[in-house]
Amino acid sequence: MRRIGDLGNVQDFLDTMVDVLQGNFQSVDRLLGPPFDPEDNVWIAPETLAMRDPVSGKSLAEKIGEGMVTIGPAVRIGRFCEIGPGVVITESNLDDDVEVREAARISRSQIRDGAIIGAGARVHAAVVGSMSEVRSELDMPTEVADFVALGDEVTVHAGVHLAGNISVYPRLKVPAGIHVPPDTDVTGPADVLRYL
């Protein structure tokens, strides 16, 4: 069966991405290469399986074998990604050089090259741009959810909650204490100040 997808907005993009990761686009399946776990549609680059995190000192392959992380179903993880202990990733695509720190949860999301997802962060139905950082701490978790799009090189500080069709333009810093209403575009520093 041949399919087409709609990439027009964050929700459509993520729905199409998950469709691809679930194996519903035959034309793309061969581009993903052989899966790490064919039953759950999980692709993990070999370079990433060998990466060790500084918290446990174990490789991703060891953490998967010991049940220290949950990856899948429908997940693709690119090259040289560091995945900490206690991480849960479902229905998501992580590009190369992504760092996901301990106990973070990522679901139904696209994480672009070089992004960092902090400890304990919750990222659901979101697009995180290249070289962006979602800072988070176990005792001050950050949440990015429900069709939020972070541009490239955005920094979201620990404890921030962004949810509901929010777009943050590239290279902006989103400080702790901010309250951005749903359906908002944060286009520059003046917008950041407005919602503080």
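**Close-up views of a predicted model**

**View 1. D191 sits in helix α5 (residues 189-194).** Helices (H or I, at least four residues) and strands (E, at least two) are DSSP runs, numbered from the N terminus. The model is predicted: local features need pLDDT of at least 70, side-chain atom pairs count only at pLDDT 80 or more, and totals for chains, interfaces and linings use all residues. Residues are numbered from 1 along each chain as its sequence is written, and side-chain values use heavy atoms, with hydrogens and water left out. D191 is buried, at 8% relative accessible area. Buried means under 20%, exposed over 50%, partly exposed in between (1.4 Å probe, protein chains only). The D191 side chain makes a polar contact of 2.7 Å with that of T187 and another of 2.3 Å with that of R194. Such a contact is a pair of N or O atoms within 3.5 Å; within protein, one must be able to donate a hydrogen and the other to accept it, and residues adjacent in sequence count only if both atoms are side-chain atoms. Beyond its neighbours within four places in sequence, D191 is in contact (heavy atoms within 4.5 Å) with D185 and V186.

**View 2. A cis peptide bond joins G72 and P73.** Omega is about 5 degrees. P73 lies in the loop between β2 (70-71) and β3. A74 is in the loop between β2 and β3. Its phi is positive, near 55 degrees, and A74 is not a glycine. A74 is buried, at 3% relative accessibility. Most residues other than glycine have a negative phi, and most peptide bonds are trans.

**View 3. R171 has a positive phi of about 65 degrees.** R171 is in the loop between β16 (167-168) and β17 (173-174). R171 is exposed, with a relative accessible area of 56%.

**View 4. The largest nonpolar core holds 41 residues.** A nonpolar core is a set of buried Ala, Val, Leu, Ile, Met, Phe, Trp, Tyr and Cys residues joined through side-chain atoms within 4.5 Å. I83, V100, I111, I117, L150, L162 and V168 touch the most other members. β1 (42-44), β3 (75-77), β11 (122-128) and β13 (143-150) each supply at least two residues of this core. A second, separate core of 10 residues includes L21, W43, A125 and A149.
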